[in-house]
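Subject: Structure handover

Hello,

Here is the structure for your files. Please look it over before reading on.

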Amino acid sequence: MADVVVSDAPASHRYEATVDGELAGFAEYHDRGTTRVFTHTEVLDAFEGHGVGSALAKGALDDVSASGRRVKAICPFIAAYIGRHPSYETLLVVDA
């Protein structure tokens with residue numbers, strides 16, 4: 001599979017993962033002050049099992065980190081990704 005490109009789509013309140021220009025998945029969020037609250041992540045059926053979800057989570061969390069924001073992971077997928085990649089735990093807030 002081609003490279004996954006992850007970009008913030010602020011008008012839609014989500015990060016989008018594309019493969020060859022086609023939407024492959026997204027991670028929805030809303031902001032509370034300086035905290036980005038992830039609420040739902042979805043990978044489209046045609047792209048499941050190809051690492052799109054992991055690329056999406058990494059890209060979104062790297063962007064949050066670079067922006068100086070913090071993370072609240074209501075979304076089970078984002079929470080599990082952070083659990084498997086402890087370097088992202090420093091971004092977490094308990095209450096937001």
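The notes below cover conventions, the core, the helix, the strands and the aromatic rings.

Conventions first. The model is predicted, so local features need pLDDT of at least 70 and side-chain atom pairs count only at pLDDT 80 or more, while totals for chains, interfaces and linings use all residues. Residues are numbered from 1 along each chain as its sequence is written, and side-chain values use heavy atoms, with hydrogens and water left out.

Core

The largest nonpolar core contains 22 residues. A nonpolar core here is a set of buried Ala, Val, Leu, Ile, Met, Phe, Trp, Tyr and Cys residues joined through side-chain atoms within 4.5 Å. Buried means under 20% relative accessible area, exposed over 50%, and partly exposed in between, with a 1.4 Å probe and protein chains only. Tyr15, Phe38, Val52, Leu61, Val71 and Ile78 have the most contacts inside this core. Two or more core residues come from each of strand S2 (14-19), strand S3 (22-32), strand S4 (35-43), helix H1 (52-67) and helix H2 (76-84). Helices (H or I, at least four residues) and strands (E, at least two) are DSSP runs, numbered from the N terminus. H1 supplies the largest share of the core, six residues.

Helix H1

Buried in H1 are Val52, Gly53, Leu56, Ala57, Ala60, Leu61 and Val64. They cover an arc of only 155° around the axis, so they sit on the same side of H1; the arc is that of the directions from the helix axis to the C-beta atoms. The cover over these buried residues includes strand S1 (4-9), S2, S3, S4, strand S5 (70-73) and H2, where contact means heavy atoms within 4.5 Å. After H1 comes Gly68, with a positive phi near 80°.

Strands and hairpins

S1 and S2 pair in the antiparallel sense over six bridges; two strands pair if DSSP finds at least two bridges between them. Ala9 stands opposite Arg14 in S2. S2 and S3 also run antiparallel and are joined by six bridges, with Leu23 in S3 as the bridge partner of Thr18. Five of the six residues of S2 are buried, so S2 is largely enclosed by the rest of the structure.

Which residues in these two hairpins take a positive phi? In the hairpin of S1 and S2, with four residues between the strands, it is His13, near 55°. In the hairpin of S2 and S3, with two residues between the strands, it is Asp20, near 55°. Most residues other than glycine have a negative phi.

His13 lies in the loop between S1 and S2 and counts as partly exposed, at 46% relative accessibility. Asp20 is in the loop between S2 and S3 and counts as exposed, at 69% relative accessibility. The C-alpha atoms of Asp20 and Gly53 are separated by 16 Å, and the two residues are 33 apart along the chain.

Aromatic rings

A search of the whole structure finds four aromatic pairs. Rings of Phe, Tyr and Trp (its six-membered ring) pair if their centres lie within 6.5 Å; planes under 30 degrees apart count as stacked, over 60 as edge-to-face and the rest as tilted. Tyr15 and Phe38 make a stacked pair, 6.0 Å centre to centre with 25° between the planes. Tyr15 lies in strand S2 and Phe38 in strand S4, so this pair ties together parts that are 23 residues apart in sequence. Both Tyr15 and Phe38 are buried. Tyr29 and Phe38 make an edge-to-face pair, 6.3 Å centre to centre with 65° between the planes.

Tyr29 counts as buried at 5% relative accessibility, and Phe38 is buried with a relative accessible area of 0%. Tyr15, Tyr29 and Phe38 form one aromatic cluster.

Regards
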